[in-house]
Amino acid sequence: GQLTGGLAHDFNNLLTAIISAAQLALRNRQDNDKLESLLGAVITSAQRGGQLTRQLLAFARRQPLETKIVDLREELPEVVSLMRHSISHEIELVTEFSDPLWRLETDPAQLQLALLNLAFNSRDAMPNGGTLRVEATNVDLVGVPDGLVGPHVAITIADTGTGIPEEIRARVFEPFYTTKSFGKGTGLGLSQVYGFALQTKGAVSLTSEVGRGTSITLYLPSSNRSPELANARRPHEGAARILIVEDDVVVAELAGALLQELGYETEIVNSGREALTRLTRDDAFDLIFADIIMPGGISGLELARKVRDRAPELPILLTTGFSEAMGDSMEFPLISKPYDFDALKVMLEQLLPQRARARPEVG
């Protein structure tokens, strides 16, 4: 009841904002300034909805992680800078990082979100000021906590705030559970931290004392791999052809509009079977953009595998709002729903040049 009630409350607020702004936009479509403002409100509310679902998926360990090798010596100062801009000047921010720090193989965006969620929780626990401490150290675990063994990095966010009563400490990571007053928080911040830690095969621990503060530590497995070099390929030039495979007609049409705005030619099919038939008749596509979960007996992942067997050089980009079908290993590039213009642009620019160079010139 707490979960569904909180979810309904937050989504109803978002839908109210979206519907109201869209209706006002239709009534004021001749006023360019007002129209731009109202459409901005629609986009902002929709993005908040996307963030809400990502936090729920993180708790359920179903959030698709876009992992890469992360050098914490570069990542943590950026996160700390964001913290400084988000806390009161009455709160002292102290950092202490081991040198060197072991690398992580993780999703840097989700890591940053987890650390900011912890910092915001600490900030709210110190309304009259205090000390926020951020620590990171290398640890070699031997079964504690949660059975973890081997090299890990422990990142701790500690505060001198009000602390958490013992009777509710076991519940603080539950989604929509919050001790804050109404309208002061969704209760999803710590649930995202919990889900992220477990999804990265790590753990999270909490210690707290009423009146003295709270300390939460993320234990994340280290990696001995080296950071990957930045992709220096130039964006694709010209009107590449993209086959969109999406069973939701409205989503498919909007995806097509986004891709056309980026300068690509598009064609839409509504099932995996239809896509295979289309590819049998015409293979002159530069990329397949497919939803993972589709009816009709062939999912987007199954389609991608069949296409890879037939044309291993053809790039495939998958999308989904629920990534359980992908399992633990990401076989294909993935962009999470809801995706936006800029994120889609970057993904396509990374995937298309290789295919474009491989195609023979005509003439």
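At what angle do the axes of helix H7 and helix H8 cross? I started my notebook with this one, and I found roughly 20°, with the axes coming within 10 Å. H7 covers residues 272-281 and H8 covers residues 300-310.

Before going on, I noted that this is a predicted model, in which local features need pLDDT of at least 70, side-chain atom pairs count only at pLDDT 80 or more, and totals for chains, interfaces and linings use all residues. I also wrote down that residues are numbered from 1 along each chain as its sequence is written, and that side-chain values use heavy atoms, with hydrogens and water left out.

**Helices H7 and H8**

My axes are lines fitted to C-alpha atoms, for helices over the stretch in contact, with angles from 0 to 180 degrees between N-to-C directions. Helices (H or I, at least four residues) and strands (E, at least two) are DSSP runs, numbered from the N terminus. H7 and H8 are therefore roughly parallel to each other; angles under 35 degrees count as roughly parallel, over 145 as roughly antiparallel, 65 to 115 as roughly perpendicular and the rest as oblique. Their crossing is right-handed, as the near helix is turned clockwise from the far one by less than a right angle.

Next I looked up the contact (heavy atoms within 4.5 Å). From H7, Gly 272, Ala 275, Leu 276, Leu 279 and Thr 280 meet Leu 303, Lys 306, Val 307 and Arg 310 of H8. I sorted these residues into five nonpolar, two polar and two charged. Here Ala, Val, Leu, Ile, Met, Phe, Trp, Tyr, Cys and Pro count as nonpolar, Asp, Glu, Lys and Arg as charged, and the others, Gly among them, as polar.

**Helices H3 and H4**

I then turned to H3 (residues 72-84) and H4 (residues 108-124), whose axes come within 10 Å and cross at roughly 40°. H3 and H4 are therefore oblique to each other, and this crossing is right-handed. Among the residues in contact are Leu 72 and Met 83 of H3, and Pro 108 and Ala 119 of H4. By class, I noted 10 nonpolar, one polar and two charged residues.

**Loops**

Which residues does a cis peptide bond join? I found Asp 99 and Pro 100, with omega about 5°; Pro 100 lies in the loop between strand E2 (91-97) and strand E3 (103-106). The bond from Val 144 to Pro 145 is cis too, with omega near 0°. Pro 145 sits in the loop between E4 (130-142) and E5 (149-159). Asp 146 lies in the loop between E4 and E5, and I noted its positive phi of about 50°, although it is not a glycine.
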